[in-house]
Amino acid sequence: MQPQPVFTFRLHTHAITGCHFLPALLVHSTLRHYFVSSDSSGAVCLWDLVTKRPVLEFKPHTDQVLRVSSVLLPRNWSPPEVNLDPATILDEDSDTTSGSKRGFPTKEETLCLVTHGRDNAIRFWNLNQALIDPVLETGKFVEAKTKRPSDEFSLELLCTVPVNSLNFCPVSVWDDGEVILLAFPNIIESAMLFSEPVMAVSTDFKAENAYVCAAENKFVKIGLKDDVIEEMTLEEKGVACVQVRADDKLFAIGCWDSSLRLYSCKTLKPLATLRVHRETVTTVAFANPKTINIIPNDNYADGPRFQLEIKKDETQKNYLLSGSRDCKLCLWELY
């Protein structure tokens, strides 16, 4: 019997372009899980994994969103002066969410949503306002109870990083099939591994291997320390995305034939093929293994209102998200 997803999210009306699990948030023994998704219209949605409902939806870019991720900024962080503009307002005449003037350096650690758009910009958005501030004020997490996201929350834009690239990663890939390993600002090594355009690349969490897929029926694993290159032949031509799980035991690829395939990182042997989407699987994401413990500071005065403690999430299930051009997000539970 063909495995089925545990839930299908259907808010998006355009092709899904990205998805990402945030670290779990823990406060007063209450745990909450969230993830974000993006589509080709430029929309980004923040989801509550408990209620399976959207918390907020906004447009962070003037063009298609290519990728979504997250980062935890430390206290006393300020944007670098070179090539970075602390955000004020994106565009008063558009429906893009506006940011407000931000005081730097930051007094508190800040959980940020990172979005990369086709408008040649990477933007950092403050998630504290939507996820942490309500907990500090009411002692409860935001409840997403309706099918449409609430207008109650907007995200503050912290800064914009201009980039002249649609592929922003330490392993650079090119349309002619060349793969380049970078140690900024120098090129360490380059190799022509494919005859067709390279579509995606993912490194494992130990930074020992890179997994590269292209618009052909071949998949490549590159040893970043020993330069060993392993190749795997696929049944069908075309892989759109790849992601390695945090334990470095398996990776997932999304294919043009609408399948989602799982492989062993060690042996490259196929483990499972999941078929539920009707079009190309464009993005995949594994559950985040981290938990952020929010510790309120009742006597903060002019100091930070809270401290954030990062630890391993022992409760998170082995979830996998897949997004497709069919506008659906599917949640899978793995072993």
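Leaving aside neighbours within four places in sequence, which residues is Leu127 in contact with? In this predicted model, where contact means heavy atoms within 4.5 Å, the partners of Leu127 are Leu22, Leu46, Leu111, Cys112, Leu113, Ile132 and Leu155. Residues are numbered from 1 along each chain as its sequence is written, and side-chain values use heavy atoms, without hydrogens and water. Because the model is predicted, local features need pLDDT of at least 70 and side-chain atom pairs count only at pLDDT 80 or more, whereas totals for chains, interfaces and linings use all residues.

Leu127 is also one of the residues with the most contacts inside the largest nonpolar core, which has 27 residues. A nonpolar core is a set of buried Ala, Val, Leu, Ile, Met, Phe, Trp, Tyr and Cys residues joined through side-chain atoms within 4.5 Å; buried means under 20% relative accessible area, exposed over 50%, and partly exposed in between, with a 1.4 Å probe and protein chains only. Helices (H or I, at least four residues) and strands (E, at least two) are DSSP runs, numbered from the N terminus.

Two strands pair if DSSP finds at least two bridges between them. Strand 18 (residues 218–223) and strand 19 are joined in the antiparallel sense by five bridges, and Val220 has Glu231 in strand 19 as its bridge partner.

Most residues other than glycine have a negative phi. Ala207, in the loop between strand 16 and strand 17 (209–214), has a positive phi near 55 degrees. At 44% relative accessibility, Ala207 counts as partly exposed. Ser258, in the loop between strand 21 (250–255) and strand 22 (259–264), has a positive phi of about 75 degrees. This serine counts as buried because its relative accessibility is 13%.

Strand 21 and strand 22 each supply at least two residues to the lining of the largest cavity. On a 1 Å grid over the protein atoms alone, a cavity is a set of points where a 1.4 Å probe fits but cannot get out, and lining residues have an atom within 4 Å of a point. The lining includes Ile253, Cys255, Asp257, Arg261 and Tyr263.

Technical notes
1 Å grid on protein atoms, 1.4 Å probe; cavity = no way out; pocket = protein on both sides within 12 Å on 5 of 7 lines; lining within 4 Å.
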